[in-house]
Amino acid sequence: MSHVLLIRLAAPLQSWGVAGRFGRRDTQSRPTKSGVIGLCAAALGLPRGAPGTAGTEPDPLAELKPLLFGVRADHPGTPVRDYHTVGAGRYPLRPRDLVTDHRRAAAAAPLIEAATGSTFGHHELDDWYGSPKKISADPLSGTLVAADVRRNALMTERWYLSDAAFLVGLQSEDAALLERIAHALEHPKRLLWLGRKSCPPSGQLALTIEQGTLADVFGRTALLPSPTEAAPPARDHRPWAWIESRQPLPGTGPVRDQPVHFHATGPKHTARWETRIRVTIDPQACDWEIIL
């Protein structure tokens, strides 16, 4: 018999990216399976290593990867763009800046000689970036130098979902495993965040464990309370839901967020299959009493 653990993912900001780079980090319109499995793995305190190629090292995600994943967008939230500039400007020199870059040391020599007292003091150089980057040995002298001392500002953007609330389901026939995950989410061994470290969850995460499939449980589960002061959607509101399929079937599509491992040198993912449906909520579904 299948069981479904229901998880509430709500916070002022969430970010579920799948193709992030330094210059631009995107977010999906809903939580990813990789992000949710990573959340559960962190709560359980699992290591980030990859399974051994010869089978000598166990796979930390062996129990979590087979879970069927589903998410219902009760409150999809609003996309928010956060614009950043990094670098450039004038910054106080540090002693190590003079050690790692002889050109900077030569430019700062008049300032250093004019300084009084026994302390290093406060010195700035016009149009020099404050922290040396790309440090390597000079090919002629062997002295450590910075290849990038005059840098223009780097422009970056980060995308988030603001004031969103999602109902996530993890389906398994192993009810004991789901109970362990639920307990860990409320008593995590590591810090938890919703896709990015700047997005901690708010309120209760683990809700209930229900018998049935993802589609059935989503249909008989009431909408989550709104994370804002705005009035909740009408009871006849039909939210979108994305439900994983174990194999490609008519109406399903591939999604490349099935985690293989979360090794620190770089995570690895593969494809899975899911379908998108409109969920009709049972009018007899009881309202939630959630610790917000």
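**Cavity, pocket and selected residues**

The lining of the largest cavity divides into two nonpolar, two polar and three charged residues. These residues are Q28, R30, P31, T32, V255, D257 and R272. The volume of this cavity is about 30 Å³. One cavity of 30 Å³ or more is present in the structure. The model is a predicted one.

The protein contains five helices and eleven strands. It has 292 residues, of which 41% are buried. Contacts were also sorted by sequence separation.

The largest pocket has a volume of about 1100 Å³. Its lining comprises 33 residues, and S34, R48, W193, G195 and F262 are the closest to the pocket centre. By class, 14 of the lining residues are nonpolar, ten are polar and nine are charged. Helix α1 spans residues 33-44, and strand β10 spans residues 253-261; each supplies at least two residues of the pocket lining. The greatest contribution comes from α1, which gives six residues.

Two arginines, however, sit over aromatic rings. The charged end of R196 is placed over the ring of Y160, at 5.0 Å from the ring centre. R276 lies over the face of W240, and here the distance to the ring centre is 3.8 Å.

Strand β7 covers residues 154-172 and includes D163. This aspartate is not a glycine, yet its phi is positive, at about 55°. D163 counts as partly exposed because its relative accessibility is 35%.

K268 belongs to strand β11, which runs over residues 268-278. With a relative accessible area of 48%, K268 is partly exposed. Beyond residues up to four places away in sequence, K268 touches Q258, P259, V260 and H261. K268 was also compared in position with D257. The two are eleven residues apart in sequence, and their C-alpha atoms are 9.0 Å apart in space.

T252 occupies the loop between β9 (240-245) and β10. Its contacts, with neighbours within four places in sequence left aside, are S245, W273, E274 and T275. For T252 and T275, the sequence separation is 23 residues, and the C-alpha to C-alpha distance is 4.5 Å.

L192 is located in the loop between α4 (175-186) and β8 (206-211). L192 counts as buried because its relative accessibility is 12%, and the cut-off for a buried residue is under 20%. Leaving out neighbours within four places in sequence, L192 makes contact with L39, A42, A43, L185, P200, P201 and L205. A43 and L192 are 149 residues apart in sequence, whereas their C-alpha atoms are 6.9 Å apart in space.

R94 sits in another loop, between β4 (78-86) and α2 (95-100). Its relative accessible area is 33%, so R94 is partly exposed. The distance from R94 to G121 is 9.1 Å between C-alpha atoms. Along the chain, these two residues are 27 positions apart.

Conventions
Residues numbered from 1 in each chain as written. Predicted model: local features only at pLDDT ≥ 70, side-chain atom pairs only at ≥ 80, totals over all residues. Heavy atoms only, no water. 1 Å grid on protein atoms, 1.4 Å probe; cavity = no way out; pocket = protein on both sides within 12 Å on 5 of 7 lines; lining within 4 Å. Points joined across faces, edges and corners; volume = space filled by probe spheres on them. Helix = DSSP H or I, 4+ residues; strand = E, 2+ residues; numbered from the N terminus. Nonpolar A, V, L, I, M, F, W, Y, C, P; charged D, E, K, R; others polar. Lys NZ or Arg CZ within 6 Å of the ring centre and 35° of its normal. Buried < 20%, exposed > 50% of the residue type's maximum accessible area, 1.4 Å probe, protein only. Contact = heavy atoms within 4.5 Å.
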